[in-house]
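Visitor: Please show me the model, and then I will ask what stands behind some of the labels used for it.

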Amino acid sequence: MIRLGTSLMHPSVPFMATWNQIKAAPLTVTQLSGEAASSNREYAMLGQECDIMIGTFDQATTRQLVVAVPLGAYHFGIAVTSDHPLAHHFRLALNDLAGQRLLMVPRGISEKNDQLRDAIETAAPDVIIEGTRGRYNLDVFNRAADQNLALLNLTP
């Protein structure tokens, strides 16, 4: 039996189509608990509450902690509320973010995020980058909505 961990921040749905093709063993989906309590919450649950989980991982997060198997790719996007000045844009260039407050994870969590931060700081130095306290959780999404901040996110 393989236990697939799922939660709001680590949904199992993207994996199910892949699993339905391979069906290597019986699969049970288990709700992950206590996500917000640990800064490395994903890794603390692996081997304890679940055997596998779906998430966004790059070299900074996988190097020594887990074995990650790429199942797909994500693109960076900017999430905004419907009344945000950027809400009508379908695509954004970095200079479109000029003068905006942009919420991102702090340096050191993700090499890809760090590279994007470097590009933003170089190409659009007047973007106000605000860091989160760590990885995204529901509080980050609520903060972005409450303060009408642009939020760096990922789109499948």
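Guide: The questions and answers below set values against definitions.

Guide: This is a predicted model, in which local features need pLDDT of at least 70, side-chain atom pairs count only at pLDDT 80 or more, and totals for chains, interfaces and linings use all residues. Residues are numbered from 1 along each chain as its sequence is written, and side-chain values use heavy atoms, with hydrogens and water left out.

Visitor: Why is Phe 141 called partly exposed?

Guide: Buried means under 20% relative accessible area and exposed over 50%, with partly exposed in between (1.4 Å probe, protein chains only). Phe 141 has 34% relative accessibility, so Phe 141 counts as partly exposed. Phe 141 lies in helix H5; helices are DSSP runs of H or I with at least four residues, strands are E runs of at least two, and both are numbered from the N terminus.

Visitor: What makes Gly 55 partly exposed?

Guide: The relative accessible area of Gly 55 is 25%, and therefore Gly 55 is partly exposed. Gly 55 sits in the loop between strand E3 (52-53) and helix H3 (59-62). Its C-alpha atom is 8.0 Å from that of Met 9, 46 residues apart along the chain.

Visitor: What makes a set of residues a nonpolar core?

Guide: The residues must be buried Ala, Val, Leu, Ile, Met, Phe, Trp, Tyr or Cys, joined through side-chain atoms within 4.5 Å. The largest such core here has 18 residues, and Leu 102, Ile 120 and Tyr 136 are among those with the most contacts inside it. Strand E5 (101-104), helix H4 (111-123), helix H5 (138-146) and strand E7 (150-155) each give two or more residues to this core.
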